Amino acid sequence: MVAPSPYSLIATDLDGTLLRGDDTLSERSLAALTRAGRAGARHLVVTGRPAPRVRPLLDDLGCTGLAVCGQGAQVYDAGADRLLWSVTLDRELAETALGKIEAEVGQVYAAVDQDGVDGLTLIEPGYLMPHPTLPALRVGRRDDLWCEPISKVLLRHHTLSDDELATTARSVVGSLATVTMSGPGTVELQPCGVTKATGLALAADHLGLSPEQAVAFGDMPNDIPMFEWAGYGVAMANAHPELKAVADEITLSNEDDGIAVVLERLFP
């Protein structure tokens, strides 16, 4: 007789983790998640993407439950299409933080994710979307980024690497915002103290689940707080070295169904 899995909560990042490079989900990964669900486990998407950019993917997954979006700034109820919880980044603090970063590294290019289930992604002149498949609206000048409440700011620099930009941003931003690095070309400012772990903890509490019941999958440094919260953390083979250093296990890459490999073992 097969012993039941010790995990009742499966927390997965999307980009570079559950999704392949073309933004699709493999049949094997979907089957593994379905099998885990039949065994009683809950799947929570925990992503840096804001709720409006996650909704189509949740539809593909057949997810009508909760999702943690915006690096933990939003807990989204897919079935009701509403935010159960959200926190915004003060726009004056965001501007101040940008000024401090640019004083150190020169011009950066910025984008923002607006708050709400219908919030837009706005990009200023010169900003290139790291995910060209995601919709974004280009504005005429930076001041236009602050027209509505925002959940986070996305930053790019024309010469600095993501690691260099994130390190400098952390050194000068202080308590104005939390600095994260969530993917190639994606350094972000979000509300101070907000991480994937804070959003995941809220969602898990809503479901009556605890950290030791959770297995988390990720690929970037923004997943480190989630690994620290969860009972077991699995990094993808393509993961950033900082995440691999704190992972309990390293699986195959997102292109090679790394999540499915682990779930097939945990939920045989």
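**Ground rules.** Residues count from 1 along each chain as its sequence is written. In this predicted model, local features need pLDDT of at least 70 and side-chain atom pairs count only at pLDDT 80 or more, while totals for chains, interfaces and linings use all residues.

I looked up strand S10 (residues 178-183) and found six of its six residues buried, meaning under 20% relative accessible area with a 1.4 Å probe, protein chains only. Strands here are DSSP runs (E, at least two residues), and helices are runs too (H or I, at least four), numbered from the N terminus. S10 runs antiparallel to strand S11 (residues 186-190), with five bridges joining them; strands pair if DSSP finds at least two bridges between them. Threonine 180 sits opposite glutamate 188 in S11. Two residues lie between the strands, and glycine 185 has a positive phi near 75°.

**Helix H3.** Next I checked H3 (residues 51-61), where the buried residues are Ala51, Pro52, Arg53, Val54, Leu57, Leu58 and Leu61.

**Pockets.** A pocket is an open set of points on a 1 Å grid over the protein atoms alone, where a 1.4 Å probe fits, with protein on both sides within 12 Å along at least five of seven lines; lining residues have an atom within 4 Å of a point. Volume is the space filled by probe spheres set on the points, which are joined across faces, edges and corners. The second largest pocket has about 300 Å³. Of its 17 lining residues, the closest to its centre are Arg42, His43, Leu61, Gly62 and Cys63. Helix H2 gives the largest share of this lining, five residues.

Conventions. Heavy atoms only, no water. Buried < 20%, exposed > 50% of the residue type's maximum accessible area, 1.4 Å probe, protein only.
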